[in-house]
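Subject: Structure handover

Hello,

Here is the structure you were waiting for. Please open it first, then read my notes below.

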Amino acid sequence: MTVYNTQYTQLIWRGTTLRDFASTDIEVLQLNASINTCVGIFGEFFSYPNLTRGWSISSSFLASSDIFKFLDDDNLFYRNGLLLIRDLNIGKTEVYSGCRISSILISPGGAERKVVWYAKTKNER
């Protein structure tokens, strides 16, 4: 799992730079293994890329913000797009394509919402 700090990172969803974060963490988790192994009858094996792997990206936003209303509408209408995570310290950008919002979780206090994206590919892989 990779954790980005929102103070040193830009999160861009469908061309809009997101703000009004409720926490300082953006979490990225790879859901399946990158490589599968196939074992033959005589014990021989080979590895091949896992084409079904995906990524889960999550971050918390203030429930009263305009950005959360934008994200909530995208969730309601099942909009797909690009999600970019730009690390401002090292100048590296991760591009997640085929991305959609998979869930919005409400915090116990109700002041923040955790938005979870699901992405099919990362950096066109």
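A residue counts as buried when its relative accessible area is under 20%, as exposed when that area is over 50%, and as partly exposed in between. Keep those cut-offs in mind for what follows. Please also note that this is a predicted model.

**Buried tryptophans**

Trp13 has a relative accessibility of 0%, so Trp13 is buried. Trp117 also comes out at 0% and therefore counts as buried. 34% of the 125 residues in the protein are buried.

**Aromatic pairs**

How many aromatic pairs does a search of the whole structure find? The count is 5. Trp13 and Trp117 form one of them: the ring centres are 6.0 Å apart and the planes meet at 55°. Planes under 30 degrees apart would be stacked and planes over 60 edge-to-face, so a pair between those limits is tilted. That is why the Trp13 and Trp117 pair is called tilted.

This pair joins distant parts of the chain. Trp13 sits in strand S2, residues 9–13. Trp117 sits in strand S10, residues 112–119.

Is Tyr48 buried or partly exposed? Tyr48 has 37% relative accessibility, so Tyr48 is partly exposed.

Ring pairs also build a cluster, which takes in Trp13, Phe21, Phe61 and Trp117.

**Overall fold**

The protein has 11 strands and 1 helix. Read from the N terminus, the order is β-β-β-β-β-β-β-α-β-β-β-β. The C-alpha trace spans about 60 × 30 × 25 Å along its principal axes. Among contacts with a separation of 6 or more, 62% come from residues 24 or more positions apart.

**Surface and charge**

The accessible surface is about 7,600 Å². Carbon and sulfur atoms hold 53% of that surface. There are 13 positive and 12 negative side chains. The centres of these two sets lie 4 Å apart.

**Cysteines**

A disulfide is a covalent bond between the sulfur atoms of two cysteines. To count here, a pair of cysteine sulfur atoms must lie within 2.5 Å. The count of disulfides is 0. Cys38 has a relative accessible area of 31%, so Cys38 is partly exposed. Cys99 is at 0% and therefore buried.

Best wishes

Methods:
Residues numbered from 1 in each chain as written. Predicted model: local features only at pLDDT ≥ 70, side-chain atom pairs only at ≥ 80, totals over all residues. Heavy atoms only, no water. Phe/Tyr/Trp six-rings, centres within 6.5 Å; stacked < 30°, edge-to-face > 60°. Helix = DSSP H or I, 4+ residues; strand = E, 2+ residues; numbered from the N terminus. Buried < 20%, exposed > 50% of the residue type's maximum accessible area, 1.4 Å probe, protein only. Contact = heavy atoms within 4.5 Å. Areas by Shrake-Rupley, 256 points an atom, 1.4 Å probe, with all protein chains shown as cover. Lys, Arg positive; Asp, Glu negative; His and termini not counted. Charge placed at Lys NZ, Arg CZ, Asp CG, Glu CD.
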